[in-house]
Amino acid sequence: MQPGYQLQRMWLFRRKRGALDRVAASLIRAATCSGPVERPLVIGLGSAGFSPNSRGQLSAPTTALHTALIRAIKLERGRGRRHVELHDIWEHRTLLCCCACGAVT
């Protein structure tokens, strides 16, 4: 590989990671500014690893977003503010089932 190509790939990687870090930090900051400090904030993040149902759709990779949120949560814990928990959610049939009674709609 050419050295210029490697530098370009590293530059793109750093730009993408920086953008994800900024978005995750602003999301955590906005979510923790309201509500009582005693109560933990729980964020659920789905895997989105399922195969799409129709043509032209792509599954959204959430691994980079997940790691960016973990980094933002660690920074928030270091500041001594509201406790934030991140949970993985299995998304199977989440849009088909009623959240109140569990019946398939």
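The axes of helix α1 and helix α2 (residues 63-78) come within 8 Å and cross at roughly 55°. Here the axes are lines fitted to C-alpha atoms, for helices over the stretch in contact, and angles run from 0 to 180 degrees between N-to-C directions. The two helices are therefore oblique to each other: angles under 35 degrees count as roughly parallel, over 145 as roughly antiparallel, 65 to 115 as roughly perpendicular, and the rest as oblique. The crossing of α1 and α2 is right-handed, a label used when the near helix is turned clockwise from the far one by less than a right angle.

Which residues of α1 and α2 meet? On the α1 side they are R17, L20, D21, A24, A25, L27, I28 and T32, and on the α2 side A64, L65, A68, L69, R71, A72, I73 and E76. Contact means heavy atoms within 4.5 Å. The residues of this contact divide into 11 nonpolar, 1 polar and 4 charged. In this grouping, Ala, Val, Leu, Ile, Met, Phe, Trp, Tyr, Cys and Pro are nonpolar, Asp, Glu, Lys and Arg are charged, and the others, Gly among them, are polar.

## About the model

This is a predicted model, in which local features need pLDDT of at least 70 and side-chain atom pairs count only at pLDDT 80 or more, while totals for chains, interfaces and linings use all residues. Residues are numbered from 1 along each chain as its sequence is written, and side-chain values use heavy atoms, with hydrogens and water left out.

## The whole chain

The chain has 2 helices and 2 strands, which run α-β-α-β from the N terminus on. Helices (H or I, at least four residues) and strands (E, at least two) are DSSP runs, numbered from the N terminus. Of the 105 residues, 16% count as buried; buried means under 20% relative accessible area, exposed over 50%, and partly exposed in between (1.4 Å probe, protein chains only).

Let's visit two residues of α1. T32 lies in this helix, which spans residues 3-32, and is buried, with a relative accessible area of 12%. The side chain of T32 makes a polar contact with the side chain of E76 (3.5 Å). Such a contact is a pair of N or O atoms within 3.5 Å; within protein, one must be able to donate a hydrogen and the other to accept it, and residues adjacent in sequence count only if both atoms are side-chain atoms.

R22 is also found in α1, but R22 is exposed, with a relative accessible area of 57%.
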